[in-house]
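Visitor: I would like to learn how to read this model. Please take me through its features one at a time.

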Amino acid sequence: MLTARLINLHKHYDLGSFVVKALNGVSLDIPEGDFLAIMGSSGSGKSTLLNLLGGLDRPTSGQYILCGQDVAQMTDDELSAIRNSRIGFIFQSFNLIPQYTVVENIQVPFHYRPGYPPISPLDEARSIELAEQVGLGDRLDHRPFQLSGGQQQRVAIARALVNDPAIIMADEPTGNLDSQTSIEIMRILKKLNAEGRTIIMVTHEDEIAEQAKRQIHMKDGLIAGEGIFRG
Ligand SMILES: Nc1ncnc2c1ncn2[C@@H]1O[C@H](COP(=O)(O)OP(=O)(O)OP(=O)(O)O)[C@@H](O)[C@H]1O
Ligand SMILES: [Mg+2]
């Protein structure tokens, strides 16, 4: 089963006086259960590619098939429904809500469910279980400023798992963490992949990328190569 197929995808930003060609014809297949690292220098198009893959943005041209459906044929509501139910996002800067506790941060995706049902006792139990899974069972009522960077990223991972997504998209998930803490975060991502989730991760670091199953290198909005580059 394919999770995602990109065919000759372009993303151009028209800035009036000139056009930034952030993606310039990317074709890529991502099978279910893949663990893909997207590498490349700053400005090469990695985040643009991840945002398109995650349905946060739409391409200028080209085709994107997500979970068997052509994204161009989807309304914004249909796309956000797929995004909310199938995809979990993790960011470099954690993006936690400072005044919320660990449990409340994990529950944030519940607030975007269709029909906006209130948080039930079952949801409460689910968010506590996720906090325990990422090793924060004794930090449930802490706020982000009371946590280390690695702990904050673990809250973000638990939040990404709330809707039991098949796909996890991570943009430099270890970019703000020291190497020991990065190892912890990668251990969690590898476990999620071993459980069958597809993981798509942007990273600058070889040591992080080589823990994925597959690597692609972006250059000037194109895939310039695959595998680990040394040198
Ligand atoms: N909203 C936007 N409007 C105009 N240009 C943009 C926009 N977003 C990105 N770009 C441009 O598109 C190109 C690719 O940006 P992108 O953020 O994908 O790079 P990146 O590979 O993620 O870089 P980094 O490693 O620094 O995060 C860059 O030249 C950037 O300036
Ligand atoms: Mg980026």
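Visitor: Which residues surround ligand 1?
Guide: Begin with the rule: a residue is near a molecule or strand if its C-beta atom, placed from the backbone, lies within 6 Å of it. Here ligand 1 is surrounded by Tyr13, Val20, Ala22, Gly40, Ser42, Gly43, Ser44, Gly45, Lys46, Ser47 and Thr48. Two or more residues of this shell come from each of β2 (19-31) and α1 (46-53). Helices (H or I, at least four residues) and strands (E, at least two) are DSSP runs, numbered from the N terminus. The most is given by α1, with three residues.
Guide: A word on conventions. Residues are numbered from 1 along each chain as its sequence is written, and chains are lettered from A and ligands numbered from 1 in the order in which they are written. This is a predicted model, where local features need pLDDT of at least 70, side-chain atom pairs count only at pLDDT 80 or more, and totals for chains, interfaces and linings use all residues.

Visitor: How many residues of each class are in the shell around ligand 1?
Guide: Ala, Val, Leu, Ile, Met, Phe, Trp, Tyr, Cys and Pro count as nonpolar, Asp, Glu, Lys and Arg as charged, and the others, Gly among them, as polar. The shell has three nonpolar, seven polar and one charged residues.

Visitor: What is the strand order in the open sheet of four strands?
Guide: Two strands pair if DSSP finds at least two bridges between them. The order is β2-β1-β4-β5, with antiparallel pairing. At the edges stand β2 and β5 (69-70), each with a single partner strand, so one side of each has no neighbour in the sheet.
Guide: Strand β1 (residues 2-14) pairs with β2 over 10 bridges. Leu9 has Val26 in β2 as its bridge partner. The hairpin of β1 and β2 has four residues between the strands, and Gly16 takes a positive phi near 85° there. Strand β4 (residues 61-66) is joined to β5 by two bridges, and Leu66 is partnered with Gln69.

Visitor: What is the order of the six strands in the other open sheet?
Guide: Read β6-β7-β8-β3-β9-β10, with mixed pairing. The edge strands are β6 (87-91) and β10 (222-226), each with a single partner, so one side of each is left without a neighbour in the sheet. From one strand to the next, the twist averages 20°. Four bridges join β9 (residues 214-219) to β10 in antiparallel fashion. Met218 stands opposite Ile223 in β10.

Visitor: How are two packed helices described?
Guide: By the angle between their axes and the distance between the axes. Axes are lines fitted to C-alpha atoms, for helices over the stretch in contact, and angles run from 0 to 180 degrees between N-to-C directions. The axes of α5 (residues 149-161) and α6 come within 9 Å and cross at roughly 15°. That makes α5 roughly parallel to α6 (angles under 35 degrees).

Visitor: Which residues of α5 and α6 meet?
Guide: Two residues are in contact if their C-beta atoms, placed from the backbone, lie within 7 Å. Gly149, Gly150, Gln153, Arg154 and Ile157 in α5 meet Thr181, Glu184, Ile185 and Ile188 in α6. These divide into three nonpolar, four polar and two charged.

Methods:
Parallel < 35°, antiparallel > 145°, perpendicular 65-115°, else oblique.
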